[in-house]
Amino acid sequence: MAKYKYIIYAFSCVFIWSFIPSISRFGQKEMDHFQYLFWSNILSVLAVFVVALMMGKSWKGILFIPLPVMLKVLILGALDCFFYLLLYYGYAIENGVAVLVIQYSWPLMIIGLSFFLFKEKLTIRQMIGIAMGFIAVVITFTKGNITEIAVEHPQALLLVFSGSFCFALMSVLSRQFAIDPYISTFWVFLCSTLVSAVFMFAFSSIKLPAGDSLMPTLLNGIILNGISYIIWFKAMNGPDSHKVASILFLSPVLSMMWIILFFGDAFVPAYVIGLVLVIVSGLLCISAKRKTSEQNELMDDLIED
């Protein structure tokens, strides 16, 4: 029964995350992406802090961390801020399904960054997955016509692609930072808030969420970004984390359904093909990663024997 509990956590998180594209559009009706991210981050900080206290963490342990650790989470927080800032901008002006395809290129980037930064070996499955992901991006940019770029705002998709790179880099670096998940999540959101505040005051102005933007901002900050991270940590603590991680790729499928349902975005067949390709490529990379890990564990057991 405990095994199914982690699956329930994962499905709950995937269902919650599937609303990020739609909620971000609603939230930016009366605010720009700088303001929307800033207030969402503040709410996420408060939500994670309260949940961490409820889970038995002391407020001193949460608020006071060593300076070297603080510098690490500052880097992660900045990358998290760049990811969401560019993502929200993309959803505000471009076809949501097209943005989805580019957004979910980050699992492929994780494989590539692990190869270049930490010299991890690439398997055949991972190479195929990366190739499929690249094809998906090309199809998305050209709507299937590879001789020209056919999206309305190609610069927006390039920015989303850059944001996905930031998220992938954050994921890779977080492996090297051995920090309590509750405390690290709190500080990542806190640092992301500081960075988003700098961008907001530099390129926009402070504006309280109100009217049609209030409820989406509350939902995004407290649940979609805040509490969902805690649920995901619980899901990944299960015995089969690789299977749980593969469930993540249901999120863009659900997101596509909500985008078309709520906003009537164009149902472009090329986007659907691109989405399928990027999901399959991500699953290939995850399964290959798991197989490699199992082989390494087997070798360790043989050495110990």
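Leaving aside its neighbours within four places in sequence, which residues is T193 in contact with? Hi everyone, let's find out together. What we have here is a predicted model, where local features need pLDDT of at least 70, side-chain atom pairs count only at pLDDT 80 or more, and totals for chains, interfaces and linings use all residues. Residues are numbered from 1 along each chain as its sequence is written, and side-chain values use heavy atoms, with hydrogens and water left out.

So, back to T193. Its contacts, meaning heavy atoms within 4.5 Å, are F38, N41, I42 and V45. You'll find T193 in helix α10, residues 181–203; helices here are DSSP runs of H or I with at least four residues, numbered from the N terminus. T193 counts as buried because its relative accessibility is 9%. Buried means under 20% relative accessible area, exposed means over 50%, and partly exposed is in between, using a 1.4 Å probe and protein chains only.

Now please look at helix α6, residues 96–103. Here 8 of the 8 residues are buried, so α6 is largely enclosed by the rest of the structure. Among them are G96, V97 and Q103.

Helix α5, residues 67–93, has an axis that comes within 9 Å of the α6 axis, crossing at roughly 155 degrees. That makes the two helices, α5 and α6, roughly antiparallel, a term for angles over 145 degrees. On the α5 side, the contact is made by F83, L87, G90 and Y91; α6 brings G96, V99, L100 and Q103.

Last stop: I222 in helix α11, residues 214–236. I222 counts as partly exposed because its relative accessibility is 32%.

How values were computed:
Axes fitted to C-alpha atoms, helices over the stretch in contact; angles between N-to-C directions. Parallel < 35°, antiparallel > 145°, perpendicular 65-115°, else oblique.
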